[in-house]
Amino acid sequence: MRKKFIAGNWKMYKTFEETLSFSEEFKKSELPEDVKVGLMVPYPYLDYMVKAFKDTKVLIGAQNIHFESEGAFTGEVSCKMLKSLGVTHAIIGHSERRQYFCETDDSVNLKLKAAFKDGIFPIFCVGENLTQREENDAFPVVEKQIRKGLYEIPEEYGRNLTIAYEPVWAIGTGVNATKEEANEMCSFIRNLLADIYGKETADEIIIQYGGSVKPENSKELLSMEDIDGALVGGASLKADTFLSIINYKKL
Ligand code: PGA
């Protein structure tokens, strides 16, 4: 049985003071047993967050990594470094990195390989933009991102993947994909994973939906069969809003 996995992506938001007050508030709440919870935070706060949430079920992750373990790469951060801090997860291939930082399917593939090699669980992001959706290209675009991203990644690693389907047109726009649109793509991705890794493994892989997830739409999205969680941007910045999404069953 796949467990729901709801992760916050803070992007480049929050000062350290705001991080402290979020954590104080968030730590006070009891989290549901049957939901995995993660916070993907800016690099400078990782050490603090890992320590602050040490004895809790909250998983702490980064938002990007470099594909080498170490080297002369000024300004970059490796999985080996993250691992040494106790960080467990990292977002890889987010559309903002593809759009603004020249991330390609090939670099995403290298990063996924590096994450598995150095023991970091990746949240691998895929998704089409608005033109691609309007031109009926969404499925081939996502298929290419998945196949190239997972190129030569063996099944034993593949089973530990989390995939986030994030249509670019839904990110930060307030306009989410409908539950049917999101489920249709997540189910398409699961079939692709079955083709790559076999059905048994594909059935274990968590596929999240991301893009304007908020308390108002979380229950309907998360009730869909192939949507195993959410990657939440804007609505993860406030502890009470993010907690409502995590407790979507009570909404
Ligand atoms: P959003 O962002 O929830 O603010 O749309 C999601 C994401 O980019 O992961």
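**Exercise 1. Classify Asp34, then find its partner.**
Decide whether Asp34 is buried, partly exposed or exposed in this predicted model, and say which side chain Asp34 meets in a salt bridge.

*Solution.* 
- Step 1: The relative accessibility of Asp34 is 35%.
- Step 2: Buried means under 20% and exposed means over 50%. Asp34, at 35%, therefore counts as partly exposed.
- Step 3: The partner is Lys249, with an N to O distance of 2.4 Å.
- Step 4: Now place both residues on the chain. Asp34 sits in the loop between α1 and β2 (35–40), and Lys249 in the segment after α12 (239–246). They are 215 residues apart, and the pair links distant parts of the chain.

**Exercise 2. Follow a salt bridge from Glu96.**
Which residue forms a salt bridge with Glu96, and which parts of the chain does the pair tie together?

*Solution.* 
- Step 1: Glu96 pairs with Lys11, and their closest N and O atoms are 2.8 Å apart.
- Step 2: Glu96 belongs to helix α4 (residues 95–100), while Lys11 lies in the loop between β1 (4–9) and α1 (16–27), so the bridge ties together parts that are 85 residues apart in sequence.
- Step 3: Compare the accessibilities. Glu96 is partly exposed at 25%, whereas Lys11 is buried at 19%.

**Exercise 3. Compare two neighbours.**
Asp118 and Lys117 meet in a salt bridge. Is each one buried or exposed?

*Solution.* 
- Step 1: The N to O distance of this bridge is 3.6 Å, and the cut-off is 4 Å.
- Step 2: Asp118 has 17% relative accessibility, so Asp118 counts as buried.
- Step 3: Lys117 has a relative accessible area of 56%, so Lys117 is exposed.

**Exercise 4. Look around the ligand.**
How many residues surround the ligand, and what kinds of residue are they?

*Solution.* 
- Step 1: The shell holds 13 residues, and the closest are Lys11, His94, Glu166, Gly172 and Ser212.
- Step 2: Sorted by type, the shell has four nonpolar, seven polar and two charged residues.
- Step 3: Check the ligand's oxygen atoms. One is 2.7 Å from a side-chain N or O atom of His94. The backbone also takes part: a polar atom of Gly233 is 2.8 Å from a ligand oxygen, and an N or O atom of Gly234 is 2.9 Å from one.
- Step 4: On its own the ligand has 280 Å² of accessible area, and the protein covers 95% of it.

Technical notes:
Residues are numbered from 1 along each chain as its sequence is written. This is a predicted model: local features need pLDDT of at least 70, side-chain atom pairs count only at pLDDT 80 or more; totals for chains, interfaces and linings use all residues. Side-chain values use heavy atoms; hydrogens and water are left out. A residue is near a molecule or strand if one of its heavy atoms lies within 4 Å of it. A polar contact is a pair of N or O atoms within 3.5 Å; within protein, one must be able to donate a hydrogen and the other to accept it, and residues adjacent in sequence count only if both atoms are side-chain atoms. Accessible areas come from the Shrake-Rupley method with a 1.4 Å probe; for residues, only the protein chains shown count as cover. Ala, Val, Leu, Ile, Met, Phe, Trp, Tyr, Cys and Pro count as nonpolar, Asp, Glu, Lys and Arg as charged, and the others, Gly among them, as polar. Helices (H or I, at least four residues) and strands (E, at least two) are DSSP runs, numbered from the N terminus. Buried means under 20% relative accessible area, exposed over 50%, partly exposed in between (1.4 Å probe, protein chains only).
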